[in-house]
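Hi,

Here is the model I said I'd pass along.

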Amino acid sequence: MRLPGEEPFLDSNVESITVCDTDLSSSIPVGCRLLFWQLALQTHVFQLSEEGAADAEQSGDNVPSYREWALPAREFHQQWESLVYDSTIKQRLVKYASTALLFSDRGVNSQLISWNRVVLLHGPPGTGKTSLCQALAQKLAIRFGHRYQQAQLVEVNAHSLFSKWFSESGKLVSALFAKITELVEEDDSLVFVLIDEVESLTAARKSAVSGNEPADAIRAVNALLTQLDALRRFPNVMILTTSNITEAIDLAFVDRADIKAYIGPPPLQARYEIMRSSIAELQRAGIITGTVLPVRFSEVCWDEMQASQVMEDEESSSTAAAQALSKALAEAANACEGFSGRALRKLPFLAHADSDLTGPCTTEQFLAAMRAAALREAQDRSCMADDKPAAPG
């Protein structure tokens with residue numbers, strides 16, 4: 001192992017090294033996995049862009065119509081690793097993109113086998129759909145950096161594409177996609193287009209037919225679908241979309257999406273790992289004292305909603321202290337049933353703010369505060385659902 005100071009050039013020029021996406025098949029014997037790693041290991045060296053989001057163009061109502069980032073961007077660094085799901089959605093999206101590029105490279109006839117390079121992530125608010133799209137664009141920009149000299153993420157403000165002026169909405173959509181087309185016409189550029197809350201665009205046509213929206217809304221949605229079809233001929237563009245209200249999405253758009261993945265509230269294992277990463281960060285910042293972390297979640301057995309056993313994986317610590325912390329963390333994670341990823345990331349802050357902790361505290365103390373904050377948040381949500389005032393204190 002190389003120690004700090006032994007390689008001055010690397011110390012001064014390399015910010016971080018990350019090993020990720022090993023995804024070993026369970027069919028590979030443990031003793032053969034080192035050889036498998038050596039054969040499958042790929043190295044990607046990249047420099048983060050410090051430019052930030054570029055100035056957006058203005059729509060007819062002086063509302064920014066999009067934001068643009070050069071990838072890989074500082075804003076999205078390690079965002080992929082911070083997103084925790086118990087499903088294989090992250091691996092599925094990466095494999096999907098690789099297949100789309102492979103089919104394009106081999107000249108597969110798109111009239112016989114259709115793929116649109118359109119992804120739709122749907123689910124309740126706060127589950128990380130937009131962050132996953134941004135992280136996926138960053139991930140693919142790095143992974144395919146050997147093929148494309150540059151990569152961009154264009155994040156569309158869907159609400160800006162509707163104008164109060166008759167016939168203007170369709171023109172705004174066409175103008176936006178004319179800009180995107182300019183980007184994708186460069187063969188050495190990989191372009192990602194993110195349309196957040198896509199239902200605000202695609203729901204308009206259904207409402208217009210029922211008389212609730214002006215006919216201009218139909219022109220805007222038709223223009224969007226037409227522009228998406230036009231982008232199919234470019235192999236270096238991917239459309240990433242999110243939606244909180246799937247019932248409102250136009251079926252013509254749903255039909256164009258290759259992947260329609262549900263992103264729901266994190267289950268117990270994901271909640272545990274999200275909260276475990278929060279504990280590690282607070283230890284790094286010196287807010288929590290000590291260096292012992294709960295073990296990685298492998299298996300939890302429940303008896304009347306209490307954690308009775310937390311099994312550690314092969315690489316986890318086997319100390320009694322770590323096991324005790326693991327049980328406390330599992331109890332806190334269980335109290336967060338139904339919380340979104342956004343709420344879970346906010347919970348450590350609320351736990352500290354609502355507690356009597358004034359200085360550095362132990363991990364045990366903070367986990368107790370986390371569980372108390374989770375129960376308080378659940379009670380507040382229940383009161384909101386029942387439209388009742390929260391109890392004092």
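Predicted model: local features only at pLDDT ≥ 70, side-chain atom pairs only at ≥ 80, totals over all residues.

Below is what turned up, from the overall fold down to the cores and cysteines.

Residues are numbered from 1 along each chain as its sequence is written, and side-chain values use heavy atoms, with hydrogens and water left out.

The protein chain has 13 helices and 8 strands (DSSP runs: H or I of at least four residues, E of at least two, numbered from the N terminus). Of its 393 residues, 41% are buried, meaning under 20% relative accessible area with a 1.4 Å probe, protein chains only. Among contacts (heavy atoms within 4.5 Å) with a separation of 6 or more, 73% come from residues 24 or more positions apart.

On to the nonpolar cores, i.e. sets of buried Ala, Val, Leu, Ile, Met, Phe, Trp, Tyr and Cys residues joined through side-chain atoms within 4.5 Å. The largest has 34 residues, and L71, L132, L153, F192 and L240 touch the most other members. Elements giving two or more residues to this core include β1 (66-71) and α5 (129-143), and α5 gives the most, with 7. Leaving aside residues up to four places away in sequence, L132 touches W80, L83, Y85, I89, K90, L93, L121 and I263. A second, separate core of 32 residues includes F177, V237, I239 and F253.

As for cysteines, C361 counts as buried at 1% relative accessibility, as does C383 at 14%. The disulfide count is 0, taking a disulfide as a pair of cysteine sulfur atoms within 2.5 Å.

Cheers

Conventions
Buried < 20%, exposed > 50% of the residue type's maximum accessible area, 1.4 Å probe, protein only.
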